[in-house]
Amino acid sequence: MNNTSILFKSLKLGELTIPNRIIMAAMTRMRCDNETKVPNNIVADYYSQRASAGLILTECTLVSQRSNAFPGCAGILNEEQVEGWKKVIDAVHKKNGRIALQIWHSGRATHSNLQGGQIPWGPSPIAINGVNYAVKQPHEVPHEMTIEDIKLVIQQFKEGAYRAKKAGFDAIELHGANGYLVDQFLRSHSNKRNDLYGGSVENRSRFCLEVIDELIQVFGKGRVGIKVSPVGRYNDMFDEDPIKLYTYLFKELDKRQIAFIEIMNSKDEDNCYGYGHPASEKQVPNLLQQLRPSFKGVIIGNVGLTALTAAQGIEQGLFDAASFGTLYIGNPDLVERFKDNLKLSDSDPKKYFGGNHEGYSDYPPFQG
């Protein structure tokens with residue numbers, strides 16, 4: 001038994017039982033067909049190579065044409081995309097893996113040039129301070145969503161969940177992090193509404209919880225999770241009192257008995273996305289310790305973990321499993337490498353986003 005042995009113990013994750021606590025985090029890799037948003041054969045190869053993970057969380061997958069924030073991102077809008085995902089899921093299941101769809105709407109974090117001239121939507125008419133990655137132009141002021149718009153998007157999440165279930169996903173994760181639409185409603189810096197969806201923490205949490213309720217209707221509470229970034233700065237995000245906000249949100253999610261919450265525990269170095277706000281660690285020094293009591297289900301720790309720090313976090317009760325992003329790019333057999341204490345391979349950042357199989361599905365398993 002080594003000091004990371006707890007990573008290899010099985011875990012009850014809602015209705016799923018996963019064989020280890022090493023989760024593959026969702027990562028935008030932009031390898032789907034750019035026009036159709038359909039996952040292709042190299043996407044199936046990529047995920048199936050990583051099937052030894054306790055659970056695979058897919059790249060963020062759009063529920064609306066207005067959510068298209070990257071060239072080559074995946075969709076769950078139509079039957080063609082369902083069929084593409086079926087190939088991915090079948091390839092993972094053939095290797096006894098488990099895979100969950102990360103369902104997503106980008107909100108204000110897209111650009112009209114990416115969606116046929118349509119202006120992005122958001123909770124309030126506040127533009128992201130900065131340049132849009134995909135089109136290299138300043139972010140636009142979003143259209144402030146009406147109540148009718150909000151109801152439409154909630155329905156789109158539900159329809160996407162039905163398609164995800166039809167495709168055969170084992171679970172679904174709502175993307176509530178990184179400055180995308182759910183996160184935009186949650187946090188005070190991007191949500192200045194004065195109706196039922198803005199103002200108090202209860203109102204700012206309403207959109208998120210209404211989407212979660214629809215996902216539960218489709219998948220059942222034991223197969224629904226959410227990813228959050230309470231102090232993350234990406235996409236110009238900030239909240240005046242994240243502990244108050246997320247304590248309320250976690251307690252509401254606990255009442256619903258969802259399977260898991262994945263928490264991005266941002267570090268000081270993330271202040272490169274700070275736009276003048278205090279660094280994450282300085283704002284909330286003990287994020288996981290403060291939020292852990294509010295949710296009795298499985299918590300997945302995320303951001304900057306190693307095998308050792310992940311095991312320590314589980315032993316300390318901060319979280320129950322750990323998700324890894326960058327390490328999974330160059331190490332398709334990350335579970336086996338952790339278990340046998342094998343050398344980890346580096347990956348090429350120049351090939352993270354877009355392209356073909358190179359830097360994506362061509363990293364080999366460990367070769368002694």
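In this predicted model, helix α1 passes helix α2 in a right-handed crossing. Helix α1 covers residues 41-49 and helix α2 covers residues 79-94, and the two pack with their axes 8 Å apart. The angle between α1 and α2 is about 30°. Angles under 35 degrees count as roughly parallel, and α1 and α2 are therefore described as roughly parallel to each other. On the α1 side, the contact is made by Asn41, Val43, Ala44, Tyr47 and Ser48. These residues meet Trp85, Lys87, Val88, Ala91 and Val92 of α2.

With a relative accessibility of 55%, asparagine 41 counts as exposed, because the label applies to values over 50%.

A second pair of helices can be read in the same way. Two packed helices are described by the angle between their axes and the distance between the axes. For helix α5 (residues 201-219) and helix α6 (residues 242-256), the angle is about 30° and the axes lie 10 Å apart. Helices α5 and α6 are therefore roughly parallel to each other, and α5 passes α6 in a right-handed crossing. From α5, the residues taking part are Val201, Glu202, Arg204, Ser205, Cys208, Leu209, Ile212, Asp213 and Ile216. Their counterparts in α6 are Lys244, Leu245, Tyr248, Leu249, Glu252, Leu253 and Arg256. Nine nonpolar residues, one polar residue and six charged residues make up this contact.

Attention now turns to some individual residues in loops. Asparagine 235 sits in the loop between β12 (224-228) and α6. Its phi is near 65°, a positive value in a residue other than glycine. Asparagine 235 has a relative accessible area of 9% and is therefore classed as buried, the cut-off for that label being under 20%. Asparagine 41 and asparagine 235 are separated by 194 residues in sequence, and their C-alpha atoms are 31 Å apart in space.

Valine 303 also has a positive phi, of about 100°, although it is not a glycine. This valine is located in the loop between β14 and α9 (307-315). With a relative accessible area of 21%, valine 303 is partly exposed.

Serine 294 occupies the loop between α8 (287-291) and β14 (298-302). At 7% relative accessibility, serine 294 counts as buried. Leaving aside residues up to four places away in sequence, serine 294 touches Thr247, Phe250, Lys251 and Asp254. Helix α6 runs over residues 242-256, and Thr247, Phe250, Lys251 and Asp254, touched by serine 294, carry numbers within that range.

Finally, the confidence of the prediction can be considered. The protein chain has a mean pLDDT of 93, and 94% of its residues reach 70 or more. Residues 268-277 form a stretch over which pLDDT stays under 50. For this stretch, the model has 18 contacts beyond four places in sequence.

Terms used
Residues numbered from 1 in each chain as written. Predicted model: local features only at pLDDT ≥ 70, side-chain atom pairs only at ≥ 80, totals over all residues. Heavy atoms only, no water. Axes fitted to C-alpha atoms, helices over the stretch in contact; angles between N-to-C directions. Helix = DSSP H or I, 4+ residues; strand = E, 2+ residues; numbered from the N terminus. Parallel < 35°, antiparallel > 145°, perpendicular 65-115°, else oblique. Left-handed = near helix turned anticlockwise from the far one by under 90°. Contact = heavy atoms within 4.5 Å. Nonpolar A, V, L, I, M, F, W, Y, C, P; charged D, E, K, R; others polar. pLDDT = per-residue confidence, 0-100. Buried < 20%, exposed > 50% of the residue type's maximum accessible area, 1.4 Å probe, protein only.
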